[in-house]
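Open the structure in your viewer and keep the selection tool at hand. We will go stop by stop.

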Amino acid sequence: MSALPDRAALIQAAGDAARNAYAPYSGFRVGAALAFDDGTVVTGANVENASYGLSLCAETLAAGLAMSGGRRGGLIAVAISGAGDAHGGSDVALTPCGRCRQVLGELAGLGDTDPVVWCSGGGDTLELRLSELLPHAFGPNMLKS
Ligand code: THU
């Protein structure tokens, strides 16, 4: 397993990505930074839609960008940072939504890693493994008949 990236730097990358969020409806900007074992960092921000339910989360977009760029596995760390337009940062550590956990799990599973997930907010960072956020995950092994 490769060395983890610097925690503060990856959280900073997620915070920087949040500046590109398109969140006119919720006013809540989220950024995600995915770190890979070759040192690459891929970021994403949430992109909302006037048809609210079509909004895309930062983590899902980052994972989609990484995979559409050809990545298959190698995911070692994830940082998430969010803030409402009205404040400087989230009041609590921002954990990924259920769909994002599953999407991150697909990418991580391709390389058989269990990435650390740094959830920032509330002046603190919650550090969890993806397997702790998504226990008993549905996966490709279950599709076998
Ligand atoms: N959001 C994310 O980008 N990631 C999450 O894990 C949770 C929620 C976004 C979706 C929506 O644009 C806004 O935050 C408020 O829910």
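Which side chain meets Arg-7 in a salt bridge? Select Glu-127: the N to O distance of this pair is 3.6 Å. Keep in mind that you are looking at a predicted model.

**Stop 1: the salt bridges**

Stay with this pair. Now colour by accessibility. Arg-7 is partly exposed, because its relative accessibility is 35%. Glu-127 is partly exposed too, at 47%.

The whole structure holds three salt bridges. Select Asp-16 and Arg-19 for another one of them. Their closest N and O atoms are 3.3 Å apart. Is Arg-19 buried or exposed? With a relative accessible area of 62%, Arg-19 is exposed.

Next, pick Asp-38 and Arg-71. Their side chains meet in a salt bridge, 3.1 Å from N to O. This pair links distant parts of the chain, 33 residues apart. Asp-38 sits in the loop between strand 1 and strand 2. Arg-71 sits in the loop between helix 2 and strand 3 (75–84). Arg-71 is partly exposed, at 21% relative accessible area.

**Stop 2: the ligand**

Now show the ligand. Select the residues around it, including Ser-26, Phe-28, Val-30, Ala-58 and Pro-96. By class, this shell has six nonpolar, three polar and two charged residues. Strand 1 (28–36) and helix 2 (58–68) each supply at least two residues of the shell.

Move to Asn-46, where a side-chain N or O atom is 2.9 Å from a ligand oxygen. Then go to Cys-97. Here a backbone N or O atom lies 2.9 Å from an oxygen atom of the ligand. How much of the ligand's accessible area does the protein cover? On its own the ligand has 370 Å², and the protein covers 78% of that.

**Stop 3: a surface patch**

Select Tyr-22, Tyr-25, Val-47, Tyr-52 and Leu-56. Together they make a nonpolar patch of about 490 Å². Zoom in on Leu-56, in the loop between strand 2 (41–45) and helix 2. Leu-56 counts as partly exposed, because its relative accessibility is 34%.

Terms used: Residues numbered from 1 in each chain as written. Predicted model: local features only at pLDDT ≥ 70, side-chain atom pairs only at ≥ 80, totals over all residues. Heavy atoms only, no water. Near = heavy atom within 4 Å. Polar contact = N/O pair within 3.5 Å; in protein donor to acceptor, adjacent residues only side chain to side chain. Areas by Shrake-Rupley, 256 points an atom, 1.4 Å probe, with all protein chains shown as cover. Helix = DSSP H or I, 4+ residues; strand = E, 2+ residues; numbered from the N terminus. Nonpolar A, V, L, I, M, F, W, Y, C, P; charged D, E, K, R; others polar. Patch = residues over 30% accessible without salt bridge, like charges linked within 9 Å, V, L, I, M, F, W, Y side chains within 5 Å. Salt bridge = Lys/Arg side-chain N within 4 Å of Asp/Glu carboxyl O. Buried < 20%, exposed > 50% of the residue type's maximum accessible area, 1.4 Å probe, protein only.
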